Amino acid sequence: MTLSQSPAGEGGAATAGVPFDAAIAALTAATSATIVCHVQPDADTVGSGLALALVLERRGIPVRVSFAEPAELPQSMRTLPGLWHLVPPAEVPAEVDLLIAVDCGSANRLGALSDRLAGAATTLVIDHHRSNTAFGAVNLVDPDAESTTAVLARLLDAWGEPIDALVAHCLFAGLVTDTGSFRWVRPGTHALAERLLATGIDGPEIARTLLDTHPFAWLPMLSRVLGTARLEPAVRQGTGLVYVFVRRADERGVGSEEVESVIDIVRTTTEAGIAAVFKESRTVDDRWTVSLRSRDSGPGMRDGIDVAEVATALGGGGHRYAAGYTAFGSPDTIVAALLAVLD
Ligand code: AMP
Ligand code: MN
Ligand code: MN
C-alpha cells in the first residue's frame with residue numbers, strides 16, 4: 001500500500017481517506033520496534049525516528065532508533081527530545097520484531113543496517129520520496145508530503161495518538177528543514193506548523209539550532225569551496241548547470257551541517273536551473289556524495305528539471321527538485337558522468 005494514488009495538489013485535505021490502517025495495524029501489533037534512519041541523517045529522518053519512538057514509548061512498547069553512519073549524530077540535532085532511544089548500529093540485533101524505516105526512499109539508504117530488513121518479523125516504510133521503491137511489507141509513502149514528519153503527524157492523527165510538546169519538537173524539526181524554512185510549502189503546511197507551535201515549543205530556537213548555527217571555520221571553508229564554482233550554461237538546452245567541489249581538506253574542522261549548507265548557496269545561481277555539490281568522502285578515496293537541486297520554472301526560464309530522475313540514473317534518488325547520489329572517480333570523471341546524463 002502506498003499513498004502515491006492519493007489525489008495530488010489538494011493540500012491538507014488530500015490525506016483525508018488515505019489508507020493509514022495498515023501502518024496503524026503494524027504499529028499496534030508490535031511487541032517491540034526498531035526505527036532506522038537514513039545514512040548521513042538529517043533532521044527529517046532523525047525527527048521522524050525520535051517522534052515515533054516517543055509515541056511508542058508512551059504506549060509502553062520497547063523501542064530503539066539507529067542509523068548506520070556516521071558514528072556521531074550531527075551537532076545540530078543533539079537537543080532533540082528522545083535522544084535516549086538512539087543506539088549505535090552494532091546494538092541493533094540481526095532479528096527484530098517490527099522494523100520501521102523513516103525518510104528512506106530505498107533500502108540502500110539504510111546503509112549497513114539494510115541487512116536488518118531480512119531479519120525483521122515485519123517492516124514498515126514511512127516516507128515522502130517520489131522515487132520510493134516500496135521496500136517494506138507496509139509502505140506509507142506520500143510523495144506530496146512536505147517532510148516525513150508531516151506524514152507522521154497525519155498518521156498520528158489517524159491513529160488517535162496526541163502530539164505533545166516533545167513529539168511536536170521532533171516533528172517541527174523535520175518540517176522546518178525539509179521545507180527550507182517554509183519556502184517549499186503546500187496548503188496545510190502552515191496549519192500543521194501552527195498546531196505544533198501551539199504545544200508550546202520554541203520554533204525560532206529549533207530553527208536557529210538546526211539551520212543558523214555554524215562555527216567560524218564555516219566562513220573560510222565557504223570561501224575555498226565557492227572559489228571552485230563552475231557554470232556550464234549550455235547544459236540541457238540552455239537550462240545551465242552550476243557546480244562546486246567540497247574537498248576532504250575543506251571538511252576539516254567543520255561538521256556535516258557546514259558541508260550540507262553549501263548547496264543552499266550554490267542553488268541560488270540565476271544562470272543555472274540545475275545545481276550540484278560534489279562532496280568528497282572523509283574516509284574513502286575517490287568516493288563522493290553528490291547533492292542535486294533544480295527549481296520550478298520561472299517566467300522565461302528553461303528549468304523545472306526532474307533531478308530525482310537524474311540521480312536515479314546515477315544510482316541515487318530523491319525528490320523532483322532535490323536529489324542525490326554517490327559517485328566514484330576523479331573530479332573530471334564524476335563531472336563528465338553527470339554531464340552525460342544531463343545531455
Ligand atoms: P541531499 O542533497 O543529501 O540533501 O539529498 C537530497 C535528496 O536526495 C534527499 O531527499 C535525499 O533523501 C535524496 N538522496 C540523497 N542522496 C541519495 C542517494 N545516494 N540515494 C538516494 N537518495 C538520495
Ligand atoms: Mn532526509
Ligand atoms: Mn525528508
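Colleague: What spacing do the donors of the manganese ion (ligand 2) follow along the chain?

Modeller: In this predicted model, the donors of the manganese ion (ligand 2) follow the pattern H-x3-D-x60-D along the chain. The residues concerned are H38, through NE2, together with D42 and D103, each through OD, and they coordinate the ion at 2.1 to 2.3 Å.

Colleague: OK, which residues coordinate the manganese ion (ligand 3)?

Modeller: The manganese ion (ligand 3) is coordinated by D44, D103 and D178 through OD and by H128 through NE2, at 2.1 to 2.3 Å, and in sequence these donor residues are spaced D-x58-D-x24-H-x49-D.

Colleague: Switching to helices: at what angle do the axes of α4 and α5 cross?

Modeller: The axes of α4 (residues 165-178) and α5 (residues 189-197) cross at roughly 150 degrees and come within 9 Å, and the crossing is left-handed. On the α4 side the contact is made by A168, L171, F172 and L175, and on the α5 side by T189, L192, A193, L196 and L197.

Colleague: How many residues in that contact are nonpolar, polar or charged?

Modeller: The contact of α4 with α5 has 8 nonpolar residues and 1 polar residue, with no charged residues.

Colleague: Last topic, the open sheet: what is the strand order?

Modeller: The 6 strands run in the order β6-β7-β8-β9-β11-β10, with mixed pairing. β6 (230-232) and β10 (317-318) are at the edges and have a single partner strand each, so one side of each is left without a neighbour in the sheet.

Colleague: How many bridges pair β6 with β7?

Modeller: β6 and β7 (residues 241-246) pair in the antiparallel sense over 3 bridges, and Y243 in β7 is the bridge partner of R230. Helix α12 (residues 331-342) packs on the sheet, where α12 touches β7, β8 (274-280), β9 (287-294) and β11 (322-328), and the direction of α12 makes about 155 degrees with that of β7.

Note on methods: Residues are numbered from 1 along each chain as its sequence is written. Chains are lettered from A and ligands numbered from 1 in the order in which they are written. This is a predicted model: local features need pLDDT of at least 70, side-chain atom pairs count only at pLDDT 80 or more; totals for chains, interfaces and linings use all residues. Side-chain values use heavy atoms; hydrogens and water are left out. Axes are lines fitted to C-alpha atoms, for helices over the stretch in contact, and angles run from 0 to 180 degrees between N-to-C directions. Helices (H or I, at least four residues) and strands (E, at least two) are DSSP runs, numbered from the N terminus. A crossing is left-handed if the near helix is turned anticlockwise from the far one by less than a right angle, and right-handed if clockwise. Contact means heavy atoms within 4.5 Å. Ala, Val, Leu, Ile, Met, Phe, Trp, Tyr, Cys and Pro count as nonpolar, Asp, Glu, Lys and Arg as charged, and the others, Gly among them, as polar. Donors are N, O and S atoms within 2.8 Å of the metal (3.2 Å for Na, K and Ca); water is not among the atoms, so sites may look incomplete. Two strands pair if DSSP finds at least two bridges between them.
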